[in-house]
Amino acid sequence: MPLELVTGPANAAKAGVVLDAMRRDQDRDPILVVPTFADVERYRRELAEGGVVFGAQVLRFAWLTREVGRRAGVRERPLGRLARERAAVAATAAATLDRLAPAAATDGFPAALLRLVAELEQGRIDPPRLTRALRDWAGDDEGRRAYGDEVSALYAGYRRVLERLGRKDDDLAAGAALDALRLAPHTWGSTPVLFYGFDDLEPLQLDAIDTLANHAGAEVTFALTFEAGREATKARARTHADLLALGATERTLPAQDDHYAPHARVALHHVERSLLEPKAKKVAAGGAVRCLAGGGERAEAELVAGHVKRLITREGLAPDDVAIVHRGLRDAAPLLEQVLRAAGVPAAIERPVPAGHTALGRAVVALLRCATGEGTADDLLAWLRAPGLLEVPAFADELEATCRREGARTVAEARAIWEQSRWPLDALDRVAAAAQRGPKELCERLAGEAAALLAAPWRRQARVLDGSEVADAQVAARLRSALRELGGLPPELVPDAAGLAGLLARLDVHLGDPPGPGRVTVATPLQLRARRVRALFCMGLQEGVFPAPGRPEPFLGDEERREVNAASGLRLRLHEDRLAAERHLLYVTVSRPTDLLVLSWHDADDEGKPLARSPFVDDVCDLLRGDLVAKAERRELGEAGWAAGDAPTEHDAARAAAAQRPAVAEAPIPPLRHEPVLQALRDRPSWSASGLEAWAACPVRWLVERQLRPETLVPDPEPLVRGSLAHQVLEDALKALTEAGHGLTPQGLPRARALLREALDEHAEHFRISVNPERLRSALRRLEVDLVACLEHAAHAGSTFTPERFELRFGGHDDPLPALELLDGELRLQGRIDRLDLGPGGTEAIVYDYKGRTAPRPADWGEQGKLQVGLYMLAVEHLLGLRAAGGFYQPLNASAPIARGVLRAGSDPGLRLTRGDRRPDEEVDAVLDACTQAACTAVREIRAGKLEARPHSCGPQGCQYPSICRAEVASQ
């Protein structure tokens, strides 16, 4: 018979039979069909090593049907995945839906519809036949009939879209190729076809085997892991029966154990032969089966990575002799990749990543959004930050900082900021113009921009890409392929700009290194079923992961399928025996290693929520003596280091050794020692009062904020902008009030309030307290209330002094007054006096300095380093020749507008003060002298570079820069 079925357990050397047949029939150009691309590469390499280089082919099933079509004369190119999705979307939009309307509005609906379509097309069920079958199932039930008609309408609508396109999808194209071969069987020739690694067969695959063997007369060999009566292979009984129904002759191979390593032969062979069998005896594990248990997901990954590293470095296994299997690899891959890289394990992890999660894909999507008016300032930044687009990446950082400070949120605002100082962003206009011309032109333009972004980092270079650079090339290739596919569709099937951006962002790109020499294979159980390894780590053995829960069929569940089949004669497949399929997958997985099988799980997630291990762990461990579960090697949740003997890398070993040594407190920041820096401080001609206050509060904070001045990517702090605006508003309002001949009196309050509001309206746009419009309105209203309260308090305070001078500067290069020299020139002071009120005779003055919420008591000025008012009083006397009658810190706070400071006993007798602020002349002079001495001490310390951490006075919440001064660490 042309069809031979080779069956046997997982260790029956079926691969040897298949490969021997390939070598034997080399002169007839045999074809070996395997499940995955990794299997293709592996078996091509294995055949080549045996001398089979030319003639023989190793293909995946989809490639086999294309070969069938080529030989039979059917060479139509089928629709790609994206085009099929667009056809499904169009069919859904055209259908009148009621029962399915809520589901049809979800993002996953087109993919679910395509799965149903694929099943129907593989089963050769056309729309009329499905409609008739569902109506037979519905009978007189109006609800069922309405639902069935909607399902049928979706399928028929999808097929009508394909007819309008004049194209077929993959399954229809494969079916057409097989039909053509049936009509012209001689076109196949004498090529033998062998299938290896398949556990289950889709209807189309079974159809292909039938066509090749029973119509084209090809010699077909199918290797199937199956033993009659075995619980572990029960899920493959249907495949076995289907192949026998096609007339296959069966060749049964016995179990073999000669491929196992000697020390592991007993345990691993016993696991293979006895898994899931009732009343199986127990044998010694002999080190061939081990268990690992992590306190969390990361802890489990670190345990596995550590063991893999030791197998490679200490036990001499080649990396490609080791495999890590995870049933839920898509979710676990990012963490596992990170942990393996940190452990120095070369690994092959191929996983789908949405294009929008990559730098290049994010840039293309952002460019589209920006050009079509859908984007934000963040999208413009994402495009500009594409690798290599800017030769100076800091330009994008500057743009982000400006956008944040100015509250620029739209693309237009951010683009205007960029083009004011840089160059025109012509790419936005090119894409926008292409979008105006139509979907085809837009897709072509975006494909070109993706290619340009890929090439951008390598201008004027003949570069051979490697590492992450290859990933960028894969992303660009996937995007360009998708855009070409979409651009070839009729305009009505291409989504609008927003839909296209979302589609491209979700587009899966398979990234990572493929399995091969020198790399540990990280795969799902299905991907590893066709090869053996020396050591296998089966990870993520959690309840709900492996065995994986069944995925409900969204359109027709098993009960409905059973009824439809009974009513209509269809053979819709059932999915109810999910556990049997998962058990077979476990059996195939644990049969792959020849030296070592490691089972691992974690007891909790990384947040500490308890998780149950999979029952599959016990199914394996119950076959072995020694209570492997209880003796599992553990790594606790959050454990950061390793025991010295268990460290996977030299770096980890060094960290483990360091952890055993006594802890040494890190020294706080030392004084400045660099002579050029010290000399620059000594040569500085003058010092600001606010800078000396900053030093007195904390020298480290002074160093960061006054000397280093790091740029930030956030707007200036709201209190700082609020204070600047308040200063400007009060200056304008009080100056206008004085020039109009009104004093700050109860009679002048109405005019003062009006002038204040006018000044606030004038300057609010230039002092953006917040970039959030809602918060800005609220902040301006609060500031107005605070300033009005301060004016009202001052107007009723009873002072005879009048505000005369505002923002009076001295000591600077362009200031109207020179620097103030104290202690024979030891200190030259510069500053800015917020407000100066003059007495009735014009010989006395009171200094006011605005503060945010609170004002320090005069008794605390020296202790707290509050020097400005005292030093400004001295400046008034020495630079203006006025008698400094007093000085106050004025809080701009409606709830506590009372100023605090000192006033000479005989001055401004009507001014109402807090008790203790009016003092004799000698006490006022003592306060000024204390400020002078504190200021000079600060200057001496600065010039000497005496950095010192003062966390308790650094800021309202304590130390502002602990990572720099390290005061907190040193104090422990």
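A: **Contacts of Ala91**

Leaving aside residues up to four places away in sequence, Ala91 touches Leu154, Gly157, Tyr158 and Val161, where contact means heavy atoms within 4.5 Å. The model is predicted, so local features need pLDDT of at least 70 and side-chain atom pairs count only at pLDDT 80 or more, while totals for chains, interfaces and linings use all residues. Residues are numbered from 1 along each chain as its sequence is written, and side-chain values use heavy atoms, with hydrogens and water left out.

Ala91 belongs to helix α4 (residues 81–94); helices (H or I, at least four residues) and strands (E, at least two) are DSSP runs, numbered from the N terminus. Its relative accessibility is 3%, and Ala91 therefore counts as buried. Buried means under 20% relative accessible area, exposed over 50%, and partly exposed in between (1.4 Å probe, protein chains only). From Ala91 to Glu350 the separation is 259 residues in sequence and 33 Å in space, C-alpha to C-alpha.

Helix α4 is also one of the elements against which the buried residues of α21 pack, along with α15 (359–371), α20 (439–455), α22 (497–506) and β12 (508–511). The buried residues of α21 are Glu469, Val475, Ala476, Leu479, Ala482, Leu483, Glu485, Leu486 and Gly487. An α-helix has 3.6 residues a turn, so residues three or four places apart point the same way. Helix α21 (residues 468–487) has 20 residues and should span 28 Å at 1.5 Å a residue; its end C-alpha atoms are 29 Å apart, which agrees. The expected span is 1.5 Å times one less than the number of residues.

Helix α13 (residues 297–313) can be checked in the same manner: its 17 residues should span 24 Å, and its end C-alpha atoms are 24 Å apart, in agreement. Of those 17 residues, 14 are buried, and α13 is mostly covered.

Helix α12 is mostly covered too, with seven of its 10 residues buried. These are Ala267, Leu268, His269, His270, Val271, Glu272 and Ser274. Their cover includes β7, β8 (289–294), α24 (578–590), β15 (593–602), α25 (615–621) and β16 (624–625). Just after α12, Leu276 takes a positive phi of about 70°, although Leu276 is not a glycine. Leu276 sits in the loop between α12 (265–274) and β7 (283–284) and is buried at 17% relative accessibility.

Another positive phi occurs at Asp908, near 40°, again in a residue other than glycine. Asp908 is in the loop between β24 (900–904) and β25 (918–919), and it is buried at 3% relative accessibility. Most residues other than glycine have a negative phi, and most peptide bonds are trans. The peptide bond from Phe546 to Pro547 is cis, with omega near 15°. Pro547 lies in the loop between β14 (533–539) and α23 (558–568).

A further loop residue is Phe767, between α31 (749–763) and α32 (773–795). Phe767 is partly exposed, at 21% relative accessible area. Not counting residues up to four places away in sequence, Phe767 touches Val721, Ser724, Leu725 and Gln728. Phe767 and Ala726 are 41 residues apart in sequence and 9.5 Å apart in space, C-alpha to C-alpha.

Helix α16 (residues 377–384) and helix α17 (residues 394–406) pack at an angle of about 170°, their axes 10 Å apart. Axes are lines fitted to C-alpha atoms, for helices over the stretch in contact, and angles run from 0 to 180 degrees between N-to-C directions. That makes α16 roughly antiparallel to α17: angles under 35 degrees count as roughly parallel, over 145 as roughly antiparallel, 65 to 115 as roughly perpendicular and the rest as oblique. Leu380, Leu381 and Leu384 of α16 meet Ala396, Leu399 and Glu400 of α17. The contact residues divide into five nonpolar, no polar and one charged. Here Ala, Val, Leu, Ile, Met, Phe, Trp, Tyr, Cys and Pro count as nonpolar, Asp, Glu, Lys and Arg as charged, and the others, Gly among them, as polar.

As for the cysteines, a search of the whole structure finds zero disulfides, a disulfide being a pair of cysteine sulfur atoms within 2.5 Å. The sulfur of Cys698 is 3.9 Å from the closest cysteine sulfur, in Cys954, which is too far for a bond. Cys698 is buried, with a relative accessible area of 2%. Cys936 is in no disulfide either, the nearest cysteine sulfur, that of Cys931, being 11 Å away. Cys936 is buried at 1% relative accessibility.
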